[in-house]
Amino acid sequence: MDFDLILREARIAGAADRTTDIGISKGRIAALAPDLPKGAPEQKLGGRLVVPGFIETHIHLDKSCILGRCQCEKGTLDEAIAAVAAAKRGFTEDDVYERASRTLEKAIKQGTMRMRTHVEVDPRIGLTSVKALLRLKKDYAWAIDLQLCVFPQEGLLDDPGCEDVMIAALEAGADVVGGAPYMDKDSHGQIARIFALAQRFNVDIDFHLDFGLDTAHLDVLEVCRLADETGWGGRVAVGHVTKFSAMSAADLDALAKRIAAAGVACTALPSTDLFLIGRDYDGNVPRGVAPVHRMVAQGVNCSISTNNVLNPFTPFGDCSLIRMANLYANVAQVSRPADMELCLALVTERSAKLLNLRDYGIVAGNPADIVVLDCADGPSAIAELAQPLMVFKRGAMTVSRPAASLLRPAGQADSAAA
Ligand SMILES: [Zn+2]
């Protein structure tokens, strides 16, 4: 068999006890076996771990990198929404494109190769951000597969005319419909409208849901009910769900079984949730991060994502999903190697399942989307924040990040060699 490229001695996450060569032909993985015959250009990986690209299921490119335009003091959700709503009045298509491309390039350099970006639409911003991100999707297709999820961050039912803009965005090519039911007085009313739009356009759903710590009211139950009623199970995700962090283990297990049965996936957004939750506490500030690795044990598909980058919702961001998974593992007190491995899956294969991707994974026939990490197995990738050294999109190298090397003074012995 003729290959365009052979990656030698790779370890695949989940099967890192042995190495394999990966033969790539015409942008696809053509063969996986030790000692593939010579005859094509090669990269020696030296037993390093490969993953099929990181996946961001929940990020906001359109409102990234606007910290300098906002004066925020309290760090609350209400303040962030108001500050971004005000800043949004100044957004133009070129401005959104420029900031979004900066954030997207950061993500690509961190080995992210598939992404669902949420995009705000309302009667004021109209399709400005949608148009910018549709351009971005085309211009960066060589490095990343981008999908757009349009949603009403400032409310749907309580913002007359917003649904018309949502419809126009879906007609213009948005891939997914999202919601933020906590922004309307009638949260169940918004959830019903979002399911109706999903059915009309035959698209998946991704809600911002159950933010806060009050477990007395959970919108996720209504989402599960409608997923059952419409047959949309497997096509619905909910993000934040910080209320789950305030539940007892027994109550959360019971709820997780209900969520799993409805085919609703859950996304934790550790950086934002740690930043925004519990601002009214004086001491013993709750963590507010949904314990998604425990929900997986009850059959719920889950992911971890970045959400916001350098804006009033989250004034941090290097777009590294390895860092986000490590942050989650710290906060969720993860220690067993199997749970560390799961944390890696939450930013790779479980994210692929949430996005219903059919061509993801290091398997013959799939696109040769491959990230080489500077480690030998999944648990070390999370524990040591292993950095990507090489990134291949459909077989072409898109990023090279050589590992840092020590430049010892002349005559200084290398302790490892001594
Ligand atoms: Zn979000």
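**A zinc site, a helix and an aromatic pair**

Tyr281 sits in the loop that runs between helix H8 (270-276) and helix H9 (292-296); helices here are DSSP runs of H or I with at least four residues, strands are E runs of at least two, and both are numbered from the N terminus. The model is a predicted one, so to speak of local features takes a pLDDT of at least 70 and side-chain atom pairs count only at pLDDT 80 or more, while totals for chains, interfaces and linings use all residues. Residues are numbered from 1 along each chain as its sequence is written, and side-chain values use heavy atoms, with hydrogens and water left out.

Tyr281 counts as partly exposed because its relative accessibility is 42% (buried means under 20% relative accessible area, exposed over 50%, partly exposed in between, with a 1.4 Å probe and protein chains only). Setting aside neighbours within four places in sequence, Tyr281 touches Leu213 and Pro286, contact being heavy atoms within 4.5 Å.

Aromatic rings come next. Rings of Phe, Tyr and Trp (its six-membered ring) pair if their centres lie within 6.5 Å, with planes under 30 degrees apart called stacked, over 60 edge-to-face and the rest tilted. That rule gives 3 aromatic pairs. One of them is edge-to-face, Phe275 with Phe316, at 6.0 Å centre to centre and 90° between the planes. This pair bridges distant parts of the chain, 41 residues apart, with Phe275 in helix H8 and Phe316 in the loop between strand S13 (302-304) and helix H10 (321-331). Phe275 is buried at 18% relative accessible area, whereas Phe316 is partly exposed at 43%.

As for the metal, the zinc ion is held by His58 (NE2), His60 (NE2), His208 (NE2) and Asn307 (OD1), at 2.0 to 2.2 Å. Donors are N, O and S atoms within 2.8 Å of the metal (3.2 Å for Na, K and Ca), and sites may look incomplete because water is not among the atoms. His58 belongs to strand S6 (residues 54-59) and His208 to strand S10 (residues 204-209), so the two tie together parts 150 residues apart in sequence. Both of these histidines, His58 and His208, are buried.

Helix H3 (residues 128-139) has 12 residues, which at 1.5 Å each should span 16 Å, in agreement with the 17 Å between its end C-alpha atoms; the expected span is 1.5 Å times one less than the number of residues. Buried in H3 are Ser129, Val130, Ala132, Leu133 and Leu136. The buried residues of H3 pack against helix H2 (93-109), strand S7 (112-120), strand S8 (145-151) and helix H4 (162-172).
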